[in-house]
Amino acid sequence: MSSDDRVQPDQAADGQGQLALVRTRVRPIRTVTSRAPAPELPVAQVMVDLPLAHLDRPFDYLVPERMHDSCVPGCRVRVRFAGQDLDGFVLERLSQSSHEGRLSPLRRVVSAEPVLAPDIARLARLVADRYAGTWADVVRLAVPPRHARVEAEPAKQVATPSAPTQPVDVAPWSEYQAGRAFLNALYRGDSPRAVWTALPGENWPRRLAEAAAATLASGRGAVLVVPDHRDVARLDAACTEVLGAGHHVVLTAELGPAERYRRFLSVRRGAVRCVVGTRAAAFAPVHDLGLVVCWDDGDDLHAEPRAPYPHAREVLLLRAHDRGCGALIGGHAVTAEGALLLSTGWAHPVVADRTTVRRRAPRVWVAGDSVAELARDPAARAVRLPHRAFEIARAGLARGPVLVQVPRAGYRPALACQDCRSPARCPECSGPLQQPGAAEQPACGWCGRPAVSWSCPNCGGSTMRAPVVGARRTAEELGRAFPRVPVYVSGGSRVLDTVGSAPALVVATPGAEPVADGGYAAALFLDTWLSLARPDLRAVEETLRRWLNAAALVRSHEDDGAVVVVGEAGVPAIQALIRWSPSAFAERELAERRAAGFPPAVRIATLDGGREAVSELVDTARLPSTAETLGPVPRGEEDEVRLVIRTPRRDGGRLAEALKAAQAVRSARKSPGTVRVQIDPVMLG
DNA sequence: TTCTGGACGCCA
DNA sequence: GGCGTCCAGAAG
């Protein structure tokens, strides 16, 4: 017993009468109760929400008796840590602590709801280790903020979630080699792993819903992650059709705190076993997980922009590996990462044979954009349409909607000097000048100031030209080339979900293409040089992915569906589109990454921050002997630098571990500045 | 942000 | 040699 448990002798004699008497009697009893530890498993292992890398480990606390029932593994608690009250999660209850010193008691059990499932706690550790980040940062992505009122709502009475009653239709998967086998394996309760190359025109939301249905029928759950909200809406609708209502739930960040937490709880409590959502849904605590799905894994929306920057595909793969459940990485395109999964044998290909692919794909034409090939029609010339593109668009418009994909949104999104062609910049803030609309003056894209009486600082010229034309301007020009045809624009802040089957021109930026009822009659891909020349490692892979996704919305060549790419026929990405051979392109891409030493063939870490901080980190890190460091190179203003470290894939774990340990040293030392560590970042200039 | 312990300095 | 103060480092 500590001294606090004894009656203070001076209190009874302090002359305060009644009040003092009450205190002397009541206080010792209260103190005894509150200090007594729980009768069993009196120690709680707690992960405290701390931003410091060197404190990324559990701490033990004493569970007071009155918290014995509410302090369950996975619940939120409040603990005293270094003089502050902080949030934390209980990992486990233990009979004793390995800590030598005295344990502090838990301050409070925030709620007895075990929001953090044991496998999600473990997944957070795996993800943090893979990305050289902290557990707490990952858990912040995985567990939505608590909403007390929602938590108190009476839970819907669902003892065991019923599997959908409709039989699973596996027939559509027969178009793919190993497709039917994949679904049957899920149905049997096995855990197949596949990279699926979806056919052009495929109703992929329906196919994914069928895979989910097969998994649910085996008594297990499924997590389906897609890039954006339009994809979520399509998959949501397909799941309702295939599974029936109430067997799946949509989890996205934009639901709002209450609804988000409500749905999260319904999953965590086991009432729903199929989750559809964007990247954060990769962490959904689905019970008895049988299948994880990542659709269109090349879309960079799958990359989380918050530390430690995990990629949804990698989270799902770690999860599938850890749990031994099924995995499906699918898309019209195949990423180099997908090709690697196939080459190591970790996953198997689910692809259609060449005959089926040829039958289902639209006919693809290439049109050069040289002056000689431009259409003679002056309106078509104005919109930079080669003769063939103009003819195919005109023919397509007789049969239905025609899609026009242009890389940039806006009107004239970039301006340059007419004479010397150097980019036009804002005299005030050096931002890029652009023309936001037909009737509007050029203005700065950053500060919005109109560029009145601009003159080129390079050559003194005073007129501007637009080397890049945006979607709205293209739509305007096309409207002139094809009078009497309605023109729609989808992109930027105004994205259309669907268009009907009537003839129309649909100008869209990549990823914003509406789905056409019955498929597009034709599609044109303009300004291909602009996408292909982007100074990004993935520019070519990304361009092909965008083409394949758009071309997949076009009718098959048997239905006279046609695609025209305006560009150079010799470019490998254009060849891959013509042949519709995403797998071969991905294999080639992977081989090139091997040769050049880029992910996923190797593991890369980028270190961004102040020069001093970055060099301290890299000097402290005990990097694997195979590590190769490149840089540091200056980045942007001030004294910011980027350093790149490269290791073979097999040393990726050691690389992340070394960087994490070095971050821990820096945080323990309270070294100034911060260093942003990214493992295999999506953007690699 | 608080606590602890080790280093160091001052005084006996 | 003993005790007080200061600072760094850890944090249950």
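Reply: Strand β23, residues 522-525, runs parallel to strand β24, residues 562-566, and four bridges join the two; strands here are DSSP runs of E with at least two residues, helices are runs of H or I with at least four, and both are numbered from the N terminus. Within this pair, A522 has A562 of β24 as its bridge partner.

The model is predicted, so local features need pLDDT of at least 70 and side-chain atom pairs count only at pLDDT 80 or more, while totals for chains, interfaces and linings use all residues. Residues are numbered from 1 along each chain as its sequence is written, and chains are lettered from A and ligands numbered from 1 in the order in which they are written.

The pair belongs to an open sheet of six strands in the order β13-β24-β23-β14-β21-β19, with parallel pairing, where two strands pair if DSSP finds at least two bridges between them. At the edges stand β13 (363-367) and β19 (487-490), and each has a single partner strand, so one side of each is left without a neighbour in the sheet. From one strand to the next the twist averages 20 degrees, angles being taken from 0 to 180 degrees between N-to-C directions, with axes fitted to C-alpha atoms, for helices over the stretch in contact. Helix α18, residues 572-579, packs on this sheet and touches β13 and β24, its direction making about 150 degrees with that of β13; contact requires C-beta atoms, placed from the backbone, within 7 Å.

Turning to helix packing, α11 (residues 336-343) and α19 (residues 582-596) have axes 8 Å apart and an angle of about 90 degrees. The two helices are therefore roughly perpendicular, a label that covers 65 to 115 degrees, whereas under 35 counts as roughly parallel, over 145 as roughly antiparallel and the rest as oblique. On the α11 side the contact involves A336, G338, A339, L340 and S343, which meet A586, E587, E589, L590 and R593 of α19.

A further set of pairings is antiparallel: β25 (residues 602-610) pairs with β27 (residues 640-648) over nine bridges, and G610 has E640 of β27 as its bridge partner. Strand β26, residues 628-634, also pairs with β27 in the antiparallel sense, over five bridges, with R642 in β27 as the bridge partner of V633. The hairpin of β26 and β27 has five residues between its strands, and there G636 takes a positive phi near 65 degrees.

Note on methods
Contact = placed C-beta atoms within 7 Å.
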